[in-house]
Amino acid sequence: MNNPRNTRVVGMTAVGALVASLALAGCSKTEQTDARNNANDAVATAEQKTRDAGADAKAGMERAKDATTNAAAKAGDKVDDAMITTSVKTELAKDSSLSALKINVDTDNGKVALKGTAPSTAAREHATVLAQNVKGVVSVDNQLKVQQPDKM
């Protein structure tokens, strides 16, 4: 994309160089050399400003790209955590000895926390195994409490 400001600077520099060239025709050799040097300096300055503006624009685009990539990654992590939670709950619900309604599943960056109650120690440990086998699970923190049998 052409930046109107850069185009204006380059255009003004070209006009300045043209005016300096026309002025040279009526000047002495020393005046012509000075005018030519001034015109060359003006063109060099304009070219440098154009390069600087381009570099600034490129750096800004890189920062925007990085920010977008980071935001997308964070959003992807949240979706992955939600999918892991759903998958763990599904696996728990398939097991007849576990009640998915009594087990709360929280996932953060692939780390699953199981909270609630299990009917037995064996069922509690089986919940850990089920959760560990879900794709994307990094670790399982089993905080399930074993239900105390009802006393008659």
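Two strands are counted as paired if DSSP finds at least two bridges between them. In this predicted model, three strands form an open sheet by that criterion, in the order β1-β2-β3, with mixed pairing. The edges of the sheet are β1 (103-108) and β3 (139-146), each of which pairs on one side only. Neighbouring strands are turned against each other by 10 degrees on average, direction ignored.

β1 and β2 are antiparallel and share six bridges; among the residues involved, V105 has L114 in β2 as its bridge partner. β2 (residues 111-118) and β3 run parallel and are joined by eight bridges. One of the pairs on that side is A118 with V146 in β3.

β1 and β2 form a hairpin, with two residues between the strands. N109 lies in this loop between β1 and β2. Its phi is positive, about 55 degrees, although N109 is not a glycine. The relative accessible area of N109 is 49%, so this residue counts as partly exposed; the cut-off for exposed is over 50%.

The side chain of D106 meets that of K115 in a salt bridge, with 3.9 Å from N to O. K115 is partly exposed as well, at 34% relative accessibility.

Helix α3 (residues 121-132) lies across β2 and β3 and runs at about 160 degrees to β3. A further salt bridge links the side chains of R124 and E125, at 2.9 Å from N to O. E125 is partly exposed, with a relative accessible area of 39%.

D95 is placed in the loop between α2 (29-94) and β1. The side chain of D95 does make polar contacts: one of 2.5 Å with the side chain of S97, and one of 2.8 Å with the side chain of H126. Leaving aside residues up to four places away in sequence, D95 touches H126 and L130.

K94 has a salt-bridge partner of its own. E91 and K94 form a salt bridge in which the closest N and O atoms are 3.2 Å apart. Because E91 and K94 are three residues apart in helix α2, about one helical turn separates them. K94 is exposed, at 61% relative accessibility, whereas E91 is partly exposed, at 27%. A search of the whole structure finds three salt bridges.

T90, which lies in helix α2, is 40 residues from L130 in sequence, yet their C-alpha atoms are 9.8 Å apart in space. T90 is partly exposed, at 38% relative accessibility.

Note on methods: Residues numbered from 1 in each chain as written. Predicted model: local features only at pLDDT ≥ 70, side-chain atom pairs only at ≥ 80, totals over all residues. Heavy atoms only, no water. Helix = DSSP H or I, 4+ residues; strand = E, 2+ residues; numbered from the N terminus. Axes fitted to C-alpha atoms, helices over the stretch in contact; angles between N-to-C directions. Contact = heavy atoms within 4.5 Å. Polar contact = N/O pair within 3.5 Å; in protein donor to acceptor, adjacent residues only side chain to side chain. Buried < 20%, exposed > 50% of the residue type's maximum accessible area, 1.4 Å probe, protein only. Salt bridge = Lys/Arg side-chain N within 4 Å of Asp/Glu carboxyl O.
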